[in-house]
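Here's a quick briefing to read alongside the model. Have a look at it first, then we'll go through the main points.

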Amino acid sequence: MTHAMLKGSNVPLEATTVRAVLRWAPGQGVPDVDASALLLGPDGRVRSDEDFVFYNQPRHPSGKVWRLGKKRVTEGLTDTIQTDLAGVESGVGRILLVASADGVPFDHVQALRILLYDAAVPEGEPLAHFDIKPETGAETALICGELYRRGEGWKFRALGEGYSNGLKGLATDFGISVDESEAADEEDPSPSQPLPPEQPTNPGPSRPAYGYPQAQPATTQPAYGYPQSASRPTYGYPPAATALPDLNPDFRLPPQGPQFVGR
């Protein structure tokens, strides 16, 4: 017999291994929903970050709580957490079963339901189900229910408690250490991308020139024949003290010796 549960109600569990299936209806604008679990100690908090089973840590180190992954079924999409209740460490008193929607509020998620099955009976009917209805619709993470110890056995309680600051906020409330560098990564979404090369602030000799050679200081110019000015090459004779463009264009040098006399 399947127990249809209301918020706050509980039901004893006879099964030693329980499969908690989170199910929702797909559709346009519906976010991807993830199932996760937090194992809490006597103080109501995790003992370490290893007590958080989620998409980046899909199996508890004890091997007694793990994610089975997502599936498409006739009624919609599912994500599943399985727990070996008989093998859970004695230091764990409660296991929270959580749904998160990757920053999208749960008012976009239709027909959200959690179903509990006896994992030893793969084709059996659910032991219990609970239809989860967010209180405000702005929640981005929900505690759907909890598995908790009662005497020598275990029970399931339907909760439906929401968080508007997502899985990170919920996990932090129960003692998970959140790496602050993740916030910095969100501000700089592409830290692995190389920065553009820094542009030089001095356009002088350190900049490459393409096509024609750059002007160089006088000490670096080659001289041919005789010493010369820094800016004009000369060939043969030393240059006149007056710049050549100022001379008479009809000026000719006189013959310098008998070798220039016509014969």
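Which element gives the most to the lining of the largest cavity? That's β8, with three residues. Keep in mind that this is a predicted model, where local features need pLDDT of at least 70, side-chain atom pairs count only at pLDDT 80 or more, and totals for chains, interfaces and linings use all residues. Residues are numbered from 1 along each chain as its sequence is written, and side-chain values use heavy atoms, with hydrogens and water left out.

**The cavity**
- There is one cavity of 30 Å³ or more; a cavity here is a set of points on a 1 Å grid over the protein atoms alone where a 1.4 Å probe fits but cannot get out, and lining residues have an atom within 4 Å of a point.
- The largest cavity holds about 60 Å³ of space, and its lining includes L97, V98 and A99.
- Besides β8 (94–100), β3 (17–25) and β4 (34–40) each give two or more residues to that lining.

**The chain**
- The protein chain has two helices and 12 strands, taken as DSSP runs (H or I, at least four residues, for helices; E, at least two, for strands).
- Of its 263 residues, 35% count as buried, meaning under 20% relative accessible area with a 1.4 Å probe, protein chains only.

**Around R150**
- R150 sits in strand β11 (residues 141–150).
- Leaving out residues up to four places away in sequence, R150 touches K155 and R157, with contact meaning heavy atoms within 4.5 Å.
- R150 and R94 are 56 residues apart in sequence, and their C-alpha atoms are 9.9 Å apart in space.

Key. On a 1 Å grid over the protein atoms alone, a cavity is a set of points where a 1.4 Å probe fits but cannot get out, and a pocket is an open set with protein on both sides within 12 Å along at least five of seven lines; lining residues have an atom within 4 Å of a point. Grid points are joined across faces, edges and corners, and a volume is the space filled by probe spheres set on the points. Buried means under 20% relative accessible area, exposed over 50%, partly exposed in between (1.4 Å probe, protein chains only).
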